[in-house]
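Me: Can you walk me through this one? I'd like to go question by question.

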Amino acid sequence: MASCAFAGGCPSDYVAIAFSAASLIVLFARATYPFLVHKVASTKSSGFGLVIIQLVGSFNLLISLVMSINFLKIKHRHQWQECYIWAVWFEGPLGFGLLMSCRIVQAFQLYYAFVKRQLPPLRSRIFLPMILLPWIAGAALIHVRKPMNRWCHMRSQWVIPVVCLHGLYVASLVGVTRALRHIEFRFHEFDDLSQGITVSSISIGLWVATYILNELHEDIPWLQVLSRFLLLVTASILVLAFFSLSVSQPLLSQMSLRKREHLELKTMSSALGIRDNGIILRTAMLDINRPLDELLQHTRFRQSFMAFADSCLAGESLHFYDEVYELSKIPINDPVRRVYMARYIIEKYIVAGSEMEVNISHRTRQEILGTLDLAHPNLFSGSIIELIRLIKMNLAKDYWSSMFYVKFKEESLKESDGNECVTGLEFSPRLSAIRGSDNPFHHDNDFH
Amino acid sequence: MLSVVIESMGLLCSRQRSVNEADNQENVQAAEIERRIAQEVKAEKHIQKLLLLGAGESGKSTIFKQIKLLFQTGFDEAELKSYASVIHANVYQTIKLLHDGAKELAQNDADSLKYVISLENKEIGEKLSEIGSRLDYPHLTKELANDIEILWKDAAIQETYSRGNVLQVPDCAQYFMENLQRLSDVNYIPTKEDVLYARVRTTGVAEIQFSPVGESRKSGEVYRLFDVGGQRNERRKWIHLFEGVTAVIFCAAISEYDQMLFEDENKNRMMETKELFDWVLRQPCFEKTSFMLLLNKFDIFEKKVLKVPLNVCEWFKDYKPLANGKQEVEHAYEFVKKKFEELYFQSTGPDHVDRAFKIYRTTALDQKLMKKTFKLVDETLMRRNLIEAGLL
């Protein structure tokens with residue numbers, strides 16, 4: 001046992017490696033499974049990027065431990081097996097640091113959206129490298145000073161700052177999470193976050209203890225073997241726990257496999273439990289001489305108009321109107337749900353290049369993106385005015401002479417048993433050539 | 001986003017018309033449907049598909065309206081009347097833009113005093129700005145028209161208007177402001193010219209079928225023309241129209257070299273047009289599609305180029321003014337034209353060389369000029385057809 005304690009390759013080592021390999025397999029399976037099942041196409045969202053980075057970070061952390069703390073019997077170390085690559089770069093900035101930073105970014109985004117009710121000032125792709133910088137700097141310093149011995153261990157004057165850096169990131173994650181504790185999250189984000197923190201703090205505590213033991217007590221063989229066994233096993237658990245406890249939005253978090261009712265729901269508004277209590281008038285009572293924005297509050301009319309707009313490839317404005325209308329049904333005193341809905345609408349319709357970007361001016365867009373209160377009742381009113389004008393000038397005229405209106409009228413007549421005649425209809429000059437799916441945006445998925 | 005569209009384009013173009021194979025014999029109904037489709041396709045075959053493309057506010061819809069006027073029945077009275085509200089909306093929006101713009105410039109600009117609205121007009125300004133932010137505009141009465149006229153003539157507003165390039169003021173501003181009395185008439189019916197000037201931001205797609213049958217010609221070609229929105233979010237819809245296009249009529253507003261995009265005020269409109277033209281040219285769908293490039297808004301260009309040097313735009317920064325007056329206008333126009341020509345040949349791969357490319361100098365508002373231009377486009381496309389059929 002004494003020999004394998006230093007050279008590597010004890011039975012317990014292989015057990016630990018097998019354990020970590022198994023945990024990695026589970027990790028990847030969990031990450032890819034939702035994509036195979038739900039065939040999600042939301043790969044563009046920033047949440048997706050963070051998940052991928054987390055996977056990479058987890059993998060790096062585990063492999064760095066295996067490579068740096070002689071689990072395997074390696075007689076001649078090649079250049080790529082060098083301590084500084086694995087024990088420093090892969091364990092720090094590319095492993096543990098990356099993993100923690102991802103979580104901090106997520107918690108920070110939640111903090112901004114729900115506590116400050118603003119869009120985060122920094123995009124995650126800028127923020128993430130920024131908070132990774134201390135890790136990179138630390139790794140570079142160690143690499144330059146080369147304090148490691150031949151077992152990839154450091155002396156205590158190095159171990160203490162290294163452990164402190166690890167601890168600092170855990171502490172800041174706990175700190176940001178504490179700021180969120182008053183928010184009643186709709187989708188158990190806070191539960192996830194706090195559970196994640198409990199599990200990971202325990203395993204981090206254990207992990208740090210074993211790390212210190214492993215680094216400092218090189219002379220006690222059994223301690224070496226035991227500590228490195230614990231090190232890898234707890235790291236595997238940490239990685240798994242960290243990943244499974246997802247912190248993201250409902251529709252974007254198909255990553256999390258927990259059976260939650262909203263996974264089956266199609267729209268954000270139904271996920272948020274907004275009931276349709278729109279004006280359900282008898283259609284026959286609809287006075288088509290009223291202004292368009294008033295007519296659009298009528299659910300059936302809105303749907304008919306939306307179908308028409310979709311057929312002219314101009315549906316996004318109506319879909320946007322529809323979702324903002326849903327948002328307006330959420331009471332003002334329920335800011336959390338309002339923030340959810342607002343964030344969802346912004347990501348889908350407002351951000352430049354988004355899935356169903358609407359045709360609004362630069363200023364209006366910037367106003368929304370720079371808002372100081374995501375729950376504000378008039379957040380989208382400027383853009384709604386612009387779009388209603390756009391719809392009025394472009395589509396309204398053609399709608400009254402379209403098949404969609406005829407159908408709508410017929411249905412409403414049937415409903416009211418009226419015997420009014422629809423006369424004098426010309427057919428719309430809009431698209432005869434484009435037939436097929438009503439929603440032009442649904443095509444886009446087919447191309448991928 | 002562009003890259004996604006490009007990617008999907010390739011797939012769209014290479015997709016073949018699916019043909020029922022074994023099912024045909026078994027299912028007579030299917031065969032019947034197939035036959036009808038084939039018939040329809042045959043009937044559609046002689047219809048040539050034209051696309052109007054270009055960035056936002058480049059004049060696509062104006063050309064669309066011209067076609068309606070020139071080769072179709074034009075606008076009947078009801079249609080003309082329906083434009084009154086659009087024109088009034090243009091007026092209210094313009095005056096609000098100018099008023100708010102003046103206020104902003106008075107606060108921030110170095111030479112801020114120029115932009116301070118005179119005391120007696122301040123109240124009018126506030127009132128009009130409030131009206132301009134409403135969803136439904138009031139009817140344009142004589143009193144309102146007078147207020148607007150007073151404010152328009154305010155020195156600060158005029159100063160602001162001269163800085164219109166940073167404010168997204170529509171091109172029709174001056175024309176409508178000068179005609180306010182007529183526009184506010186109780187029995188106002190927009191004229192053809194008013195309709196052409198009216199600014200409507202297009203969303204989605206509109207189409208029109210026409211045949212430019214001249215006085216002398218018997219059987220003109222039948223064209224189907226598609227008009228689209230030009231803002232970035234609208235462009236993703238274009239790909240639905242890209243198949244089987246005879247010619248792309250690409251509009252480039254050459255007067256907009258010192259203006260920023262409506263949808264992104266950090267981007268110069270001319271630079272956007274350059275990138276857009278390049279992107280359209282590289283579409284695999286357009287390998288055999290003719291390109292008619294309309295260098296539009298020449299009327300504004302010839303005035304602007306004498307005041308604002310062409311080289312404020314990054315693309316034209318190697319431009320050197322030559323003379324003044326008419327000569328300078330020609331010189332500047334030729335320079336711009338050459339830039340677009342170079343771009344065309346750069347973006348046209350060696351396998352696309354057999355497509356036709358023509359550049360026209362246009363002012364979409366000018367009916368005579370547009371008629372002439374369309375005649376030329378028509379001739380070019382006819383010739384093209386004959387060549388393809390091996391008759392020339």
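Me: What share of residues 126-144 of chain A is helix, and how far apart are the end C-alpha atoms?

Reply: Keep in mind that this is a predicted model. The span 126-144 of chain A has 0% strand and comes out as 100% helix. UniProt, in an unreviewed entry, lists these residues among its "transmembrane region" spans. The end C-alpha atoms sit 27 Å apart.

Me: Where does H6(A) bend?

Reply: H6 of chain A covers residues 124-145, and its first and last C-alpha atoms are 32 Å apart, close to the 32 Å expected. There is still a bend of about 40°, with a proline, A:Pro134, following within four residues. The bend is at A:Leu133.

Me: Which residue just after H6(A) has a positive phi?

Reply: Within the helix, buried residues include A:Phe127, A:Ile131, A:Trp135 and A:Ile142. Just past H6(A), phi turns up positive, at about 45°, and the residue is A:Lys146.

Me: Which element gives the largest share of the largest nonpolar core?

Reply: The core has 58 residues, and A:Phe96, A:Met100, A:Met154, A:Trp207 and A:Leu232 touch the most other members. Elements giving two or more residues include helix H3 (46-68), helix H7 (156-179) and helix H9 (221-244) of chain A. The largest share is 10 residues, and it comes from H5(A).

Me: Which residues does A:Met100 touch, leaving out those up to four places away in sequence?

Reply: A:Met100 is one of the core members touching the most others. Leaving out those sequence neighbours, its contacts are A:Tyr169, A:Val170, A:Leu173, A:Ile204 and A:Phe242.

Me: How many residues are in the second, separate core?

Reply: This core includes A:Phe320, A:Tyr349, A:Ile391 and A:Phe408. Its count is 49 residues.

Me: Over in chain B, is B:Glu57 buried or exposed?

Reply: B:Glu57 lies in the loop between strand S1 (47-54) and helix H4 (60-71) of chain B. It isn't a glycine, yet its phi is positive, about 60°. The relative accessible area of B:Glu57 is 13%, and the cut-off is under 20%, so B:Glu57 counts as buried.

Me: What about B:Gln168, buried or exposed?

Reply: B:Gln168 is in the loop between helix H8 (155-162) and helix H9 (173-178) of chain B. Its phi is positive at about 60°, and it is not a glycine. With 16% relative accessibility, B:Gln168 is buried.

Methods:
Residues numbered from 1 in each chain as written. Chains lettered and ligands numbered in written order. Predicted model: local features only at pLDDT ≥ 70, side-chain atom pairs only at ≥ 80, totals over all residues. Heavy atoms only, no water. Expected span 1.5 Å × (residues − 1). Bend = angle between axes of the 7 residues up to and from the residue. Buried < 20%, exposed > 50% of the residue type's maximum accessible area, 1.4 Å probe, protein only. Core = buried A, V, L, I, M, F, W, Y, C linked by side-chain atoms within 4.5 Å. Contact = heavy atoms within 4.5 Å. UniProt positions renumbered as here; feature names shortened; annotations may be inferred.
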